[in-house]
Amino acid sequence: MAPPTRRNRPVRTLITLGIIILAIFGAIFAGTKWSDATWTPKLALDLEGGTQIVLKPVSATTPTSGQINQAIDVIRQRVDASGVSEAEITSQGSGSGTTIVVGLPGKPSEDTLKLVRTSAQMEFRPVLVQGAPTPTATDDATDAATPAPTAGATAGAAPTAEATSSAKPTAEATPSPEPSPASTEPSKAAPDNASDTAYYITPAVQAEYDKLDCTDPANLRGGVNGDPKTAFVTCESQTVGDQVVGVAKYILGPVEIDGKHISSASSGLETLPSGGVGTEWIVTLKFDSTGAKQFTDVTERLATQTQPLNQFGIVLDGLVVSAPAVSAVIPNGQATISGSFTRQTAATLAQQLNFGALPMSFEVQSEEQISATLGADQLQKGILAGLIGLALVVLYSLLQYRALGLVTVASLIVAAVVTYGIITLMSWTQGYRLSLPGVAGLIVAIGITADSFIVYFERIRDELREGRTLGVAVERGWSRAKRTILASDAVNFLAAIVLYILAVGGVRGFAFTLGLTTLVDVLVVFMFTHPVMELLARTKFFSEGHRASGLDPRRLGVIGASRYVGRGKVVTGPRPAQADEATSDVVEDEAETRVPAPVPSAPRAEITPETAGMTIAERRAAQKAAAAKAATTDADDASGRTDGSEH
């Protein structure tokens, strides 16, 4: 009899699996009540349709294939970072006629679309003038030239660095000191530095700034960045709901740091001096070695200036995305931009900083909605193929294993439920979208999952053929089958990982579902199939080998079958139950210690004076002859005694 803890183990395992499934679907249910979760997974572009944007390179020279591929990689990173998966990004044409086609599934947000449209290089320019977004009256130009917004933010990098940023500037402004008359036209042949207003603010630049209206949506679409060696007039915009609004306008100096020198950027909550986590959202920015040296030089100059000359504008696609101000030198190329950020605005700025540098600028050639008619038809055919495959697997299982095949069916159902729950949960929390190649991966998983059950069942039947009872056969079969199952699933999972890393687009969707279902297969076999078999082994229907159980001894050839039992002996018939019970605890530890039965030793050939000098064989022969003679003598004596008694 198995110990109580071992008898209760299958039930505890099944309860644990049930808790996992309830947790998955409980999280989805909570998401439908308090968030935007749904009970169905989101679909990719090929199944749902979406938005297609065609980008045309804007370059003085013909773009190379390397530049196009680099641009595709950056755009893909932007889209992935925004939470949109299964986007299709490809190039069409060649040479000067090359275009990049971006397909986004579903209804992407305005921020995501802006990340795709925003395709110019990122630049860091010093701020020369900052003002309200409305046009400046001509007679008022002097007073309105350098107002500073009242809504500010602070930024810091390392303990000694601190800055302020116009994260959410308002239309209100306070005038700053008037520019000198020399700012109307250059008074010297070369500027002192990139913040030299007297050199860079020419009458033409001032006139352009005065008439610029950043409340006009036409001026907020972005475009090609200006000449990197001259002043640049532009707007700063923010997304409010689904609308893009202008919040400030600038005159910027020449480019001092190129966006390609940004090593990384991320967003998160601030870290307090005590080591705890604060409540303010920040953006952390890090430059490479070249950018760090340039950034140190820039902050060393800006830290000594007054607002707005102590600010630098981060320009992307011709628009300012942020204009933090510096109050201390930042020597290590690591800055922290803080202010009136929300989680979303901080994440958006981090994404723009991370993926802002493109090898060239692009203009939107077309933007249109596309349907999924073809994909929907293929999905229907794919689902039909999956159902046919599932039906064939079920039919084979029932014919081959009879009632035992129902365990296969139940295991497939549990695997399907777990997989559906995980995909739906990831669709809500991670933005995952199910594509047609992903559906193909799910269909392939039917065979992978069924193969694990077949390996296990055949191991059990092999143990039964050796004459063992079902309880022990289940344990011994499991100890051998699980190694095979784990090895097979490990190979499938490694293949899925390699395919996911090396592939792009829809092929990655296939690799993802293949890897996911492989992990689900391991979960179901260990936490459902094996515990269920342990419980079924205790039932009379299966343990006695009913004809419909799939474990009938006559079908397996157990009755009358011969087996080797050691020491050259072969026996016929089933193993005795006592033998199986005796080894059941050993099987639990996945090892069986076989103790050989004691072997009676042959009588030793003793040496006597009569046998001295004989060989061992001669002594044994002499002993046998003596024993035979003694037996004959005893027989004669017995016969004589019998005869005497008769007289």
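Where does E86 lie? E86 is found in the loop between α3 (65-81) and β3 (88-92). Helices here are DSSP runs of H or I with at least four residues, strands are runs of E with at least two, and both are numbered from the N terminus. The model is a predicted one, in which local features need pLDDT of at least 70 and side-chain atom pairs count only at pLDDT 80 or more, while totals for chains, interfaces and linings use all residues. Residues are numbered from 1 along each chain as its sequence is written, and side-chain values use heavy atoms, with hydrogens and water left out.

E86 has a relative accessible area of 15% and is therefore buried. Buried means under 20% relative accessible area, exposed means over 50%, and partly exposed is in between, with a 1.4 Å probe and protein chains only. The C-alpha atoms of E86 and L45 are separated by 7.1 Å, although the two residues are 41 residues apart along the chain.

**Helix lengths**

The expected span of a helix is 1.5 Å times one less than its number of residues. The table sets this value beside the distance between the end C-alpha atoms.

| Helix | Residues in helix | Expected span | End C-alpha distance |
|---|---|---|---|
| α12 | 30 residues | 44 Å | 45 Å |

After α11 comes G431, with phi near 75°, and after α12 comes G467, with phi near 95°.

Helix α13 has a kink of about 30°, centred on W478. The bend at a residue is the angle between axes fitted to the seven residues ending there and the seven starting there.

Two packed helices are described by the angle between their axes and the distance between the axes. For α13 and α14 (residues 506-536), the angle is about 170° and the axes are 8 Å apart. The two helices are therefore roughly antiparallel. Angles under 35 degrees count as roughly parallel, over 145 as roughly antiparallel, 65 to 115 as roughly perpendicular and the rest as oblique. The axes are lines fitted to C-alpha atoms, for helices over the stretch in contact, and the angles run from 0 to 180 degrees between N-to-C directions.

The contact of α13 with α14 has 18 nonpolar, 4 polar and 6 charged residues. In this count Ala, Val, Leu, Ile, Met, Phe, Trp, Tyr, Cys and Pro are nonpolar, Asp, Glu, Lys and Arg are charged, and the others, Gly among them, are polar.

**Aromatic pairs**

The structure holds 12 aromatic pairs. Rings of Phe, Tyr and Trp (its six-membered ring) pair if their centres lie within 6.5 Å; planes under 30 degrees apart count as stacked, over 60 as edge-to-face and the rest as tilted.

One of the pairs is Y401 with F457, which is edge-to-face at 5.3 Å centre to centre, with 65° between the planes. Y401 belongs to helix α10 (residues 373-401) and F457 to helix α12 (residues 436-465), so this pair links parts of the chain 56 residues apart. Both Y401 and F457 are buried.

The rings of W478 and F526 also form an edge-to-face pair, because their planes stand at 75°, with the centres 4.9 Å apart. W478 is in helix α13 and F526 in helix α14, so the pair ties together parts 48 residues apart in sequence. W478, with a relative accessible area of 7%, is buried, whereas F526, at 29%, is partly exposed. Ring pairs link Y401, Y456, F457, W478 and F526 into a cluster.

A391 sits in helix α10 and is partly exposed, with a relative accessible area of 45%. A391 and V409 are 18 residues apart in sequence, and their C-alpha atoms are 9.9 Å apart.

G421 is in helix α11 and is buried, with a relative accessible area of 0%. Its C-alpha atom is separated by 8.7 Å from that of W39, a residue 382 residues away along the chain.

**Backbone exceptions**

Most residues other than glycine have a negative phi, and most peptide bonds are trans. R402, in the loop between α10 and α11, has a positive phi near 55°. R402 is partly exposed, with a relative accessible area of 34%. Q307 and P308 are joined by a cis peptide bond with omega of about 5°. P308 is located in the loop between α8 (289-302) and β15 (312-316).
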